[in-house]
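Please look through the structure below before reading the points that follow. They are meant for a reader who has not seen it before.

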Amino acid sequence: MEYEEDDFLQLSGVQHFVFCRRQWALIHIENQWRENAKTVDGAFFHQRVHDETSRERRGNLIIDRGVSIHSRALGLSGQCDVIEFHKTEAGVPLRGEIGKWLPYPVEYKRGRAKITHCDEVQVCAQAMCLEEMYACDLKEAALFYGENRRRQLVELSEQLRDEVISAVEEMHDLSKKNYTPKVKKKKCCYACSLHENCMPELQEKESVGTYLTRICGDN
Ligand code: SF4
């Protein structure tokens, strides 16, 4: 099955969805977004990465920044912070370049690794887009964390790919239904940029109806 372009969802939403389904829906269905110090700083961090738009060559390595990517099979579109193209016989032709090249996505993150593996799932989704666009098979991608300036390799395992597919299927389903999942308070609520919009403490409290039934009984 292939999605129509009108039904494409934002690729960046994959990390939100894996972090918390409700957070994804608040941002991508209800268009709520709360800027805080972290998100503003993160936006500047990505801007700096994307600003350097020219193609850079370093021997058998080509680096492209801020590249638009998509997948019809996943129904996703968005941007890759950095795509490295490595010259290899296992690669594919690249327009304007001699030889064969294999794309390698690198996703930049302002902070440090999160308590969930949402960044790994997102970069795997980027890799799956690149596989479809360049008709190639990729084994690895990378995350670069700005706080400790460390590059973390991500193996594109079958398990990670399955997670991308099931997350994206659920995102399309919820998007079609226009449905925002209910609060499920968890550890990552404290690190959530939409904590004030979501108010998990309030929403988890019992409803007035449940309260009255508990106090007064069924009579
Ligand atoms: S506060 Fe918690 S439940 Fe609410 S959107 Fe954020 S992570 Fe999800």
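In the hairpin of β4 and β5, which residue takes a positive phi? Point 2 gives the answer.

1. Basis. This is a predicted model, in which local features need pLDDT of at least 70 and side-chain atom pairs count only at pLDDT 80 or more, while totals for chains, interfaces and linings use all residues. Residues are numbered from 1 along each chain as its sequence is written, and side-chain values use heavy atoms, with hydrogens and water left out.

2. Hairpin of β4 and β5. The residue asked about is G96, with a phi near 85°. Six residues lie between the strands of this hairpin. Helices (H or I, at least four residues) and strands (E, at least two) are DSSP runs, numbered from the N terminus. Strands β4 and β5 pair antiparallel over eight bridges; two strands pair if DSSP finds at least two bridges between them. P93 has K100 in β5 as its bridge partner.

3. Other partners of β4. Ten bridges join β4 to β3, and these strands run antiparallel. S71 is bridged to L76 in β4. Four residues separate the strands of this hairpin, where G75 has a positive phi near 70°. Strand β1 (residues 9-10) runs parallel to β4 and is joined to it by two bridges; Q10 stands opposite S77 in β4.

4. Helix α4. This helix covers residues 118-134. Of the 17 residues, 14 are buried (buried means under 20% relative accessible area, exposed over 50%, partly exposed in between, with a 1.4 Å probe and protein chains only). After α4 comes A135, with a positive phi near 50°.

5. Nonpolar cores. A nonpolar core is a set of buried Ala, Val, Leu, Ile, Met, Phe, Trp, Tyr and Cys residues joined through side-chain atoms within 4.5 Å. The largest has 51 residues, and V14, W24, I69, L76 and V164 have the most contacts inside it. Helix α4 gives this core its largest share, nine residues. Another core, apart from it, has eight residues, including I63 and F144.

6. Cysteines. There are zero disulfides in the structure (a disulfide is a pair of cysteine sulfur atoms within 2.5 Å). For C124, the nearest cysteine sulfur is that of C129, 9.9 Å away. C124 counts as buried because its relative accessibility is 1%. C192 is buried too, with a relative accessible area of 17%.

Note on methods
Expected span 1.5 Å × (residues − 1).
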